[in-house]
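Visitor: I'm new to this one. Could you show it to me and talk me through some of its features?

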Amino acid sequence: MTEERLSFQAEVSRLLDIVAHSLYSEKEVFLRELVSNASDACDRLRYAALTQPELSADDPNLKVRLIADKDARTLTVADNGIGMNREDLVENLGTIARSGTAAFMRQLTGDSKKDVSLIGQFGVGFYSAFMVAERVEVLTRKAGEAQGWRWESDGKGEFTIAEAGDVARGTRVVLHLREGDDEYLEEHRLGAIVRKYSDHIAIPILFGDGEDANALNSASALWMRSKNEITPEQYTEFYHHVGHSFDDPWLTLHWRAEGAIEYTNLLFVPTSKPFDLFDPKRAHRVKLYVKRVFITEGTEGLVPPYLRFLKGVVDTEDLPLNISREMLQHNPMLAKIRAGITRRILSELNKKAKDEESASEYATFWENFGAVLKEGLYEDFEHRDELLKLLRFRTTAGDGWVSLEDYAGRMKEGQEAIFTIAGDDVDSLLKSPQLEGFRAKGVEVLLLTDPVDEFWVQAVGQYKEKPFKSVTRGGADLGKIQGGEDKPEAEKVPEGDLASLIALFKLTLGDTVKDVRSSERLTDSPVCLVADDNDMDMHLERLLKQHKQLGVGPSKRILELNPGHPLIKRLTERAKAGGASGDLDEMAWLLLDQARIVEGDPLPDPAAFARRLSSMLAKGLAA
């Protein structure tokens with residue numbers, strides 16, 4: 001086969017340009033990324049060889065070698081792992097073969113130093129080689145195949161692939177170093193980098209190509225060591241390795257469970273939100289090992305989906321080494337491990353949540369991962385009480401994050417429900433007319449801005465026997481609540497007089513609305529729309545409509561009139577006096593459209609709204 005010349009995917013070309021022009025202060029991380037890739041390749045071969053022992057029979061001792069050639073000025077990172085064939089080379093080295101491509105490109109800032117730090121996070125660490133290399137060669141042969149391959153690129157938009165003979169199983173990455181980077185040919189320098197970043201890797205990392213090669217790492221599984229033997233720096237570097245992350249862990253949990261089932265866990269909660277946190281697959285990044293042998297990553301059933309932000313390792317003695325990924329999903333031992341992990345994580349998070357000294361740290365954690373944790377409220381009934389303790393909310397009180405316990409402790413006398421309002425963001429919710437009466441009474445309302453809020457609130461129903469109630473559904477029930485200031489009855493339109501305006505509005509609007517009635521909840525706005533008690537919440541209906549999940553047509557809403565507003569007073573007087581019904585009809589439609597606009601709903605007939613508004617403005621100016 002002749003040499004093929006191919007172009008990089010556009011995103012890879014841009015990535016390589018960032019790397020090549022980077023002034024990144026710690027170029028040495030390229031070695032961490034390449035060694036990590038080599039280690040992963042060895043892990044994958046070890047797992048494959050459990051069912052196909054012939055794959056590793058010719059060279060069973062897995063290792064990573066660093067080979068420096070000072071005359072040629074090349075550094076080679078070689079492994080005898082799973083290797084690659086032509087398709088693997090194109091997919092792994094020619095494209096960013098992950099759903100994170102678009103997310104990666106969105107997070108690029110234009111600042112080279114910041115952008116290079118994203119490389120490992122998005123699983124594209126191989127390209128960091130171009131920080132120190134002007135040209136990279138890859139020689140590889142996949143386990144179980146006879147044909148070897150050679151990949152080469154200078155990182156400037158193209159790469160070549162050709163068949164290669166006499167290639168050992170595994171992968172050799174040959175870096176032709178740039179001028180000024182000869183330090184990466186020195187054993188002492190490479191050894192220091194390996195000990196700093198990769199000492200925890202359980203596969204030997206050797207310097208040299210012969211039998212007398214020197215070991216650069218301790219080559220023992222970090223999670224199997226005693227916590228007393230591990231430094232914070234080692235934990236951090238292991239987190240970087242296992243999670244392909246550049247941030248530091250916010251929480252590190254290392255423990256061994258003993259009893260009917262024995263397993264060791266080294267799990268981390270990230271400081272930063274992973275780019276794929278809301279990927280529809282909801283996959284976690286925890287690796288499962290059996291007796292120090294890597295089995296798989298993201299095992300379904302090992303970690304609940306609402307804890308998918310966890311990264312790290314679970315190693316058990318009690319699963320068979322040759323268990324298939326399909327059998328894992330139905331293994332009862334895995335369910336017990338999952339239960340133990342869930343209890344421990346929620347317990348540790350609760351400690352953080354209650355610790356006043358960690359309040360700001362927990363607030364940052366909640367901003368990053370709160371929306372994901374809430375999924376557990378309707379998925380995991382067993383741990384619902386523990387999850388409820390972790391919840392934090394923005395509220396109309398405006399004093400930072402508030403727990404349900406805090407909210408319940410300052411409910412007003414006569415308040416029989418926990419009031420909520422759902423929307424897209426806090427600022428727009430605070431301007432909602434539905435909050436006016438609650439604000440006047442001094443009643444605190446939870447501001448729900450995550451789409452998942454609409455689902456868990458319905459699933460949970462209540463907290464400490466107090467039901468959750470949306471302020472945009474049903475009656476406001478403010479009359480029973482003590483405190484605050486009610487508008488004097490003398491300033492409101494008498495009920496009997498308002499009835500005539502309500503009757504006229506009902507007749508004019510017909511079945512466009514479900515009802516027209518006087519409002520308890522409005523103090524400043526003339527009108528608002530609310531849902532009936534038995535109808536879907538308005539924000540939930542909008543969400544379902546946006547995602548084309550609304551099975552039926554939109555629900556009809558109730559139009560509420562504020563009996564204390566000057567406009568409603570004037571309209572009531574005109575209706576009572578038998579004024580021109582045409583003008584009142586137009587006002588009914590205008591006020592309905594106004595309520596729709598405030599609610600964020602599209603107008604069914606914008607042209608009619610504009611015509612009515614222009615007509616009313618002209619009459620007002622002529623008066």
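Predicted model: local features only at pLDDT ≥ 70, side-chain atom pairs only at ≥ 80, totals over all residues.

Visitor: Then which hand does the crossing of H2 and H7 have?

Guide: Start with the geometry: H2 and H7 pack at an angle of about 65 degrees, and their axes are 10 Å apart. As H2 passes H7, the crossing is right-handed.

Visitor: What classes of residue make up the contact of H2 with H7?

Guide: On the H2 side you'll find Arg 32, Ser 36, Ser 39 and Asp 40, and they meet Glu 237, His 240 and His 241 in H7. Sorted by class, that contact has no nonpolar, 4 polar and 3 charged residues.

Visitor: How is H2 oriented relative to H6?

Guide: Helix H2 covers residues 29–51 and helix H6 covers residues 187–197, and they pack with their axes 10 Å apart at an angle of about 65 degrees. Angles of 65 to 115 degrees count as roughly perpendicular. So H2 is, relative to H6, roughly perpendicular.

Visitor: What about H9 and H10: how is H9 oriented to H10?

Guide: Helix H9 (residues 332–354) and helix H10 (residues 359–373) have axes 10 Å apart and pack at an angle of about 135 degrees. The crossing there is left-handed. With that angle, H9 is therefore, relative to H10, oblique.

Visitor: Which residues in H10 are met by H9?

Guide: By class, the contact of H9 with H10 divides into 5 nonpolar, no polar and 2 charged residues. From H9 come Leu 349, Lys 352 and Ala 353, and in H10 they meet Glu 361, Tyr 362, Phe 365 and Leu 373.

Visitor: How much space lies in the largest cavity?

Guide: The count comes to 1 cavity of 30 Å³ or more. The space in the largest cavity is about 120 Å³.

Visitor: Which elements give two or more residues to the lining of the largest cavity?

Guide: There are 14 lining residues, and the closest to the centre are Asp 43, Ala 202, Trp 223, His 241 and Tyr 289. By class, the lining has 7 nonpolar, 3 polar and 4 charged residues. The elements giving two or more residues are H2, helix H7 (232–243) and strand S12 (285–290).

How values were computed
Residues numbered from 1 in each chain as written. Heavy atoms only, no water. Axes fitted to C-alpha atoms, helices over the stretch in contact; angles between N-to-C directions. Helix = DSSP H or I, 4+ residues; strand = E, 2+ residues; numbered from the N terminus. Parallel < 35°, antiparallel > 145°, perpendicular 65-115°, else oblique. 1 Å grid on protein atoms, 1.4 Å probe; cavity = no way out; pocket = protein on both sides within 12 Å on 5 of 7 lines; lining within 4 Å. Points joined across faces, edges and corners; volume = space filled by probe spheres on them. Nonpolar A, V, L, I, M, F, W, Y, C, P; charged D, E, K, R; others polar. Left-handed = near helix turned anticlockwise from the far one by under 90°. Contact = heavy atoms within 4.5 Å.
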